[in-house]
Amino acid sequence: MNLSSRPGFAWRGLRLIFACIGALTLLTLLTGLAGAAFTGSLSRTWNLRQQIEPIRVRDQNGNDLGVIDHCDEVGREGTVSNPVRCRESLTVPLARVPEGFLLAYIAKEDVRYFQHPGIDLGRIPKSLVSRAGGSTITMQLLKNNVLAGHFDYDTNRTGLSRELAGLLRKAAEYVLAPLVTLRYSKVEVLELSVNSLPWLGIGQRRGLHDAARIMFGRQESELTLAQSAFLVGLLPRPGTYLVTEQTPPADATEKFRYMRQQQLLTLGILRQHALISEDDYLSAVAEPIEPSLWRVEYAGSGPGMIVARAARNPDYRSDPDPAWALQALIKRELSQSGISPQRAATVTLTIDAQAQQALSERVTRGRAGVGEGAAVIRVSDGGIVALASSTNGTLSGEGSQQWAVSARRSVASTVKPLLYSAAFGLGLNQLSTFPDQPTRYYGQAIGNNTNSFLNRQVSIREANTRSLNTVAVQVGLRHEAALKSVLQAVGYTPDAGNTSSPALGTWQASPLIVASAYASFANRGALCRPHLLAAVYDASGRRLPLPDASCTQLWDERVAYQTFDMLTGAVSGDASHLKFLRPSFFSNLVGTAVQFGAKSGTSDDVNDTWCAGVTPQYAMGVWLGDPGGVQAVPVDLYRSQAACRELGFLRSLPHTTSTLPMPAGLTRVDGAAVPAPGVTLQNPDLTPPSSTPPS
């Protein structure tokens with residue numbers, strides 16, 4: 001008897017198929033929920049717009065500094081919201097996106113986009129078999145944002161195998177995509193997607209705005225149909241766009257031919273669906289595309305045009321926006337101010353865009369094997385005017401590579417003005433004298449960097465100008481507790497491995513902290529916390545409250561002026577080794593010269609060279625050396641005093657005040673500001689740290 005003819009057999013078979021489909025659906029749902037729970041993605045999916053909308057950054061004058069996104073923020077549960085390297089992006093309204101791009105994007109990536117609820121059931125079998133493909137635009141949006149970094153095939157971040165990571169991510173997309181469709185309209189989802197497309201070939205940027213600007217040097221609304229198809233053709237493999245000078249010519253040409261094929265495929269899909277006319281198609285395929293990263297030679301013309309040769313453009317540059325290098329610091333300060341970065345839509349910084357660009361160009365000029373960090377702050381309130389760090393000549397948005405802030409290195413002789421300021425509040429002054437002769441610090445012989453001694457009495461003013469270690473240690477032995485209190489108050493930290501005198505700069509700090517300390521000399525003795533944020537606004541334009549500027553009195557006002565005067569003497573004095581920082585003859589002639597004080601410093605192993613300077617309005621700290629503390633600074637940089645030459649940058653800044661007025665209670669003796677007869681100076685009381693001198 002034919003089994004298929006038995007009553008109910010077909011129905012039982014059909015039920016079995018439905019049961020398998022139901023079981024598979026349930027398994028996918030449970031797997032997707034597990035993936036969503038594993039990544040904490042449900043809440044981020046519901047608030048997807050806040051997750052994607054970047055923070056717009058402006059300088060103190062309202063100039064645009066670029067944008068930053070939310071890719072590395074840590075939530076209350078301690079997990080990173082999107083643990084991938086931050087990328088630049090700029091949200092543009094859908095009305096500014098060319099019709100040709102939208103048509104190409106939808107036709108090639110998700111032709112039934114407006115008909116499905118975020119998942120296309122007809123593409124599921126292909127997706128399950130290959131663990132790739134079959135993704136809708138909504139699912140790609142989730143992959144590139146909410147799930148980015150959690151299930152990447154090329155990372156070991158999760159500890160999952162490639163196969164399991166792929167299944168979990170795809171299942172999570174199936175669960176989360178309908179949630180996105182429920183929360184946002186199709187037009188909103190399309191706008192979010194267009195503004196978060198990844199372009200791995202252009203420096204981790206994303207979104208159509210940056211792709212158009214960096215690849216073709218134009219606004220997104222100006223993209224041609226051929227350029228739009230080229231960009232859409234890159235989406236499956238955006239890394240193909242990358243090419244280096246070392247890429248063999250044949251390989252580079254093949255890479256570009258692949259991109260050209262994808263462009264033609266995209267244009268063909270548009271023609272197939274009658275979304276463009278035949279004339280538009282022929283015009284687009286005949287347009288010779290040459291992105292800014294590439295140099296391309298074509299052969300033939302019209303529809304028969306082919307790629308003859310392609311290579312990297314040797315003149316290509318893609319400098320990141322200023323906000324890129326500051327992103328980690330901005331987010332950190334927002335969090336420290338009690339503001340979630342996701343609440344911030346626009347931030348105004350204390351940064352001056354022109355000064356920031358000029359300092360970055362100085363610092364990132366590519367000194368091989370040498371790190372450099374430089375910070376400039378306003379004397380009056382600690383606002384950071386410019387901040388730049390090199391990573392072997394490359395800007396970095398990573399907080400750990402922002403050496404102007406993170407390089408905690410022994411400050412060497414730049415500490416001496418802090419030492420003398422502490423001593424000025426305990427009875428000494430600029431003209432107090434000490435012998436420059438062999439000196440010992442708890443059994444340790446102390447010498448000068450000249451390997452010689454003057455063997456005579458030397459004033460503190462002259463000792464600072466000549467950077468005499470002997471005098472610094474003698475003063476330090478008398479007032480070490482006061483010095484340590486000061487160093488602790490300004491944010492320096494001791495180096496446990498260095499038991500020499502703290503008067504020689506064994507404590508450590510970053511260029512930003514050093515600049516902050518020097519600013520106090522021109523700020524009537526007040527030490528202000530360095531900060532980047534001037535104002536923060538939410539998406540509705542409401543200004544969010546920031547903590548008040550934090551300033552504390554570190555010095556007596558007259559002590560601070562004495563030190564400022566001593567530092568100007570270190571530049572203008574006869575024994576100065578910083579004569580190149582003196583004002584020009586012309587500025588002296590026309591009366592535009594600005595008072596300028598500075599102090600250099602070099603560690604014993606020459607792994608670090610420093611310079612710090614101050615004017616009536618600005619203070620600057622510069623460090624140049626080996627971040628790992630292993631290699632010495634190249635001899636030519638050390639001998640040319642490269643760190644101190646960077647201080648000349650201060651003279652380029654606009655000054656409304658050129659001189660600092662001497663406060664009452666001081667007088668001039670032999671050109672030095674000292675307390676008037678009968679005047680006793682005393683710094684504010686600082687609680688000394690509990691410590692004992694090294695044996």
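1. In this note, buried means under 20% relative accessible area, exposed over 50%, and partly exposed in between, with a 1.4 Å probe and protein chains only. At 1% relative accessibility, Trp-555 therefore counts as buried, and Phe-521, also at 1%, counts as buried. The model is predicted, so that local features need pLDDT of at least 70 and side-chain atom pairs count only at pLDDT 80 or more, while totals for chains, interfaces and linings use all residues. Residues are numbered from 1 along each chain as its sequence is written, and side-chain values use heavy atoms, with hydrogens and water left out.

2. Aromatic pairs. A pair of aromatic rings is described by the distance of the centres and the angle of the planes. Here, rings of Phe, Tyr and Trp (its six-membered ring) pair if their centres lie within 6.5 Å; planes under 30 degrees apart are stacked, over 60 edge-to-face, and the rest tilted. The structure holds ten aromatic pairs. In one of them, the ring centres of Tyr-113 and Phe-114 are 4.9 Å apart and the planes lie at 80 degrees, so the pair is edge-to-face. Tyr-113 is buried, with a relative accessible area of 0%, whereas Phe-114 is partly exposed at 47%. Phe-521 and Trp-555 form a stacked pair, 5.9 Å centre to centre with 25 degrees between the planes. This pair links distant parts of the chain, 34 residues apart: Phe-521 belongs to helix α20, and Trp-555 to the loop between β19 (551-553) and α21 (557-572). Ring pairs also join Phe-216, Phe-230, Phe-256 and Trp-294 into a cluster.

3. Helix α20. Helices (H or I, at least four residues) and strands (E, at least two) are DSSP runs, numbered from the N terminus. Helix α20 covers residues 511-522, twelve in number, and reaches 17 Å from its first C-alpha to its last, close to the 16 Å expected at 1.5 Å a residue; the expected span is 1.5 Å times one less than the number of residues. Twelve of its twelve residues are buried, among them Pro-511, Tyr-518, Ser-520 and Phe-521. Arg-524, which follows α20, has a positive phi near 60 degrees.

4. Nonpolar cores. A nonpolar core is a set of buried Ala, Val, Leu, Ile, Met, Phe, Trp, Tyr and Cys residues joined through side-chain atoms within 4.5 Å. The largest has 80 residues, of which Ile-330, Val-347, Leu-349, Tyr-420 and Tyr-492 touch the most other members. Helix α20 gives the most to this core, with nine residues. A second, separate core of 62 residues includes Leu-141, Leu-192, Leu-267 and Ala-310.

5. Contacts of Val-347. Contact means heavy atoms within 4.5 Å. Leaving aside residues up to four places away in sequence, Val-347 touches Ile-55, Arg-56, Val-57, Arg-58, Ile-330, Leu-334, Leu-533, Ala-535 and Val-536.

6. Helix α11. Helix α11 (residues 249-272) has 24 residues and reaches 34 Å from its first C-alpha to its last, close to the 34 Å expected at 1.5 Å a residue. Its buried residues include Phe-256, Met-259, Arg-260, Leu-267 and Leu-270. The buried residues of α11 pack against α4 (99-109), α10 (225-234), α12 (278-285), β5 and β6. Ala-274 follows the helix and has a positive phi near 60 degrees.

7. Two strands pair if DSSP finds at least two bridges between them. Strands β5 (residues 294-299) and β6 (residues 306-312) pair in the antiparallel sense over six bridges, and Val-307 in β6 is the bridge partner of Tyr-298. Six residues lie between these strands, and Gly-300 in this hairpin takes a positive phi near 80 degrees. Strands β23 (residues 666-669) and β24 (residues 672-675) are likewise antiparallel, paired over four bridges. Ala-672 in β24 is the bridge partner of Val-669. This hairpin has two residues between its strands, and Asp-670 in the turn has a positive phi of about 55 degrees.

8. Charges over rings. A charge sits over a ring if NZ of Lys or CZ of Arg is within 6 Å of the ring centre and within 35 degrees of the ring normal. The charged end of Arg-183 sits over the ring of Tyr-184, 5.2 Å from its centre. For Arg-271 over the ring of Tyr-281, the distance to the centre is 3.9 Å.

9. Ala-445. This residue lies in strand β13 (residues 444-446). At 57% relative accessibility, Ala-445 counts as exposed. Ala-445 touches Thr-439 and Arg-440, not counting residues up to four places away in sequence.
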